Amino acid sequence: MRAYHLETPGTVDGIVPREQARPEPGSRDILVRVRAASLNKRDLLILRETYPLKAAPDVIPVSDGAGEVVAVGAEVTRFAVGDRVAGTYFPNWLDGRITPDRFDQPGATLDGMLTEYVRLDQEAAVRVPDHLTWEEAACLPCAGVTAWHSLTGGEALAPGHTVLTLGTGALSLFVVRFAKMLGAEVVATTSSPAKADRLRALGADHVVDYAAHPEWGLKVRELTGGRGADLVVETNGPETIEQSVRAAALYAQIVLLITGSPRRPGIEISNAAYAGSLATIRRVFVGSRAHFESMNRALRLHGVRPVVDRVFGFDEVREAYRYYESGAAFGKVVVRVG
């Protein structure tokens, strides 16, 4: 089989393809013919060696992928040959709260999905909805599950509540789709008129131009009749947390995904913004297998599809990384494996 390896961190050219033996499943493993894999921000951080988890030497990159089960071990009960599956982001986190002994991740401490075949423990995979293409199914494990966990993992989001999401990254687009599916009003931010139109087409009720309104937190409050957003999915951390707090309702939930950046190493919230707030800040690390399975049930019921921006061939992995790194994508960047 062919697989890519992160041979030399720090450069896209350090991701190299190799021919190697196809793995065989152990007694509790499944062997998956990978059909598609998708990129996430963490894949760039791992490449640059700035991700919190140190990557294993020569690791096969990328956490997200989907494919078909082609062989099963003798003790496997969860899957059969022919099942359509995706691997989980945290293979050892099945349900409940995560603990440090469950932090291992494919594409980082474990080999990932940028390969023609992958061996997975039967507990580290989920069935994917039949209405999704392979490329769409490959988008789910990181961005999809994070968005779902952000919306459903804290206090219940009730129909009519307002959700604020920032920018047009793939995770934010998932939030727009899921929040509308759950009956919420959605406010999104962007500085691009073209992207604003696309956000509205996905279901956003209001779009705020953060370049035209640098104090966009006040604009969000204005759009919500002074009340503010009941839930904020904060995807930029240090750069936007101040305005997110100002945009939040009195008892809002603020889901914090990013805590540092090259320009700002930590989160800072002014006294003026937070002193009059009773908002709860909640950290989210993607989600468990149970979160993934819950999201998939909702996807099946509502027929929701991820937004795919562009699909690259398996011989174009470096081009896919460079395109994703450019920030031009509106939705997921996917590699079609086979």
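Colleague: Which residues does Asp43 touch, not counting residues up to four places away in sequence?

Modeller: Beyond those sequence neighbours, Asp43 touches Ser38, Val62, Ser63 and Tyr321. Contact here means heavy atoms within 4.5 Å. This is a predicted model, where local features need pLDDT of at least 70, side-chain atom pairs count only at pLDDT 80 or more, and totals for chains, interfaces and linings use all residues. Residues are numbered from 1 along each chain as its sequence is written, and side-chain values use heavy atoms, with hydrogens and water left out.

Colleague: Why does Asp43 count as buried?

Modeller: Buried means under 20% relative accessible area, exposed means over 50%, and partly exposed lies in between, with a 1.4 Å probe and protein chains only. Asp43 has 3% relative accessibility, so the residue counts as buried. Asp43 is found in helix H1. Gly203 lies 160 residues from Asp43 in sequence and 28 Å away in space, C-alpha to C-alpha.

Colleague: Which other residues of H1 are buried, and what do they pack against?

Modeller: H1 spans residues 41-48, and its buried residues are Arg42, Asp43, Leu44, Ile46 and Leu47. They pack against strands E1 (2-6), E2 (15-19) and E3 (29-38), and against helix H10 (317-326). Helices are DSSP runs of H or I with at least four residues, strands are runs of E with at least two, and both are numbered from the N terminus. H1 is followed by Glu49, whose phi is positive, near 60 degrees.

Colleague: Why are H1 and H10 called roughly perpendicular?

Modeller: Angles under 35 degrees count as roughly parallel, over 145 as roughly antiparallel, 65 to 115 as roughly perpendicular and the rest as oblique. H1 and H10 pack at an angle of about 110 degrees, with their axes 10 Å apart. The pair is therefore roughly perpendicular. Axes are lines fitted to C-alpha atoms, for helices over the stretch in contact, and angles run from 0 to 180 degrees between N-to-C directions.

Colleague: What makes the contact of H1 with H10, by residue and by class?

Modeller: Lys41, Asp43, Leu44, Leu47 and Arg48 of H1 meet Tyr321, Tyr324 and Glu325 of H10. By class, that contact has 4 nonpolar, no polar and 4 charged residues. Ala, Val, Leu, Ile, Met, Phe, Trp, Tyr, Cys and Pro count as nonpolar, Asp, Glu, Lys and Arg as charged, and the others, Gly among them, as polar.

Colleague: What makes H3 roughly perpendicular to H9?

Modeller: The axes of H3 (residues 140-152) and H9 (residues 289-302) cross at roughly 85 degrees and come within 9 Å. On the H3 side, Leu140, Pro141, Gly144, Val145, Trp148 and His149 meet His291, Phe292, Ser294, Met295, Asn296, Ala298 and Leu299 of H9. The contact of H3 with H9 has 8 nonpolar, 5 polar and no charged residues.

Colleague: How do you know that Cys142 is too far from Cys139 for a bond?

Modeller: A disulfide is a pair of cysteine sulfur atoms within 2.5 Å. The closest cysteine sulfur to that of Cys142 is in Cys139, 11 Å away, which is too far for a bond. By this rule the count is 0 disulfides. Cys142 is buried, with a relative accessible area of 10%. Cys139, at 0%, counts as buried too.

Colleague: Why does Gln122 count as buried, and where does Gln122 lie?

Modeller: Gln122 lies in the loop between strand E6 (117-121) and strand E7 (125-127). Its relative accessibility is 2%, so Gln122 counts as buried. Leaving aside neighbours within four places in sequence, Gln122 is in contact with residues including Arg28, Ile30, Glu75 and Phe79.

Colleague: Why is Asp315 called exposed?

Modeller: Asp315 has 60% relative accessibility, so this residue counts as exposed. Asp315 is found in the loop between strand E14 (308-313) and H10. Leaving aside neighbours within four places in sequence, Asp315 is in contact with Arg2 and Tyr4. Arg18 is 297 residues away along the chain, and the two C-alpha atoms are separated by 11 Å.

Colleague: How do you know that the radius of gyration agrees with a compact globule?

Modeller: The radius is taken over C-alpha atoms, and the globule rule is 2.2 Å times the number of residues to the power 0.38. With 338 residues, a compact globule would come near 20 Å, and the protein has 20 Å, which agrees. Of those 338 residues, 53% count as buried. The secondary structure comes to 10 helices and 15 strands.
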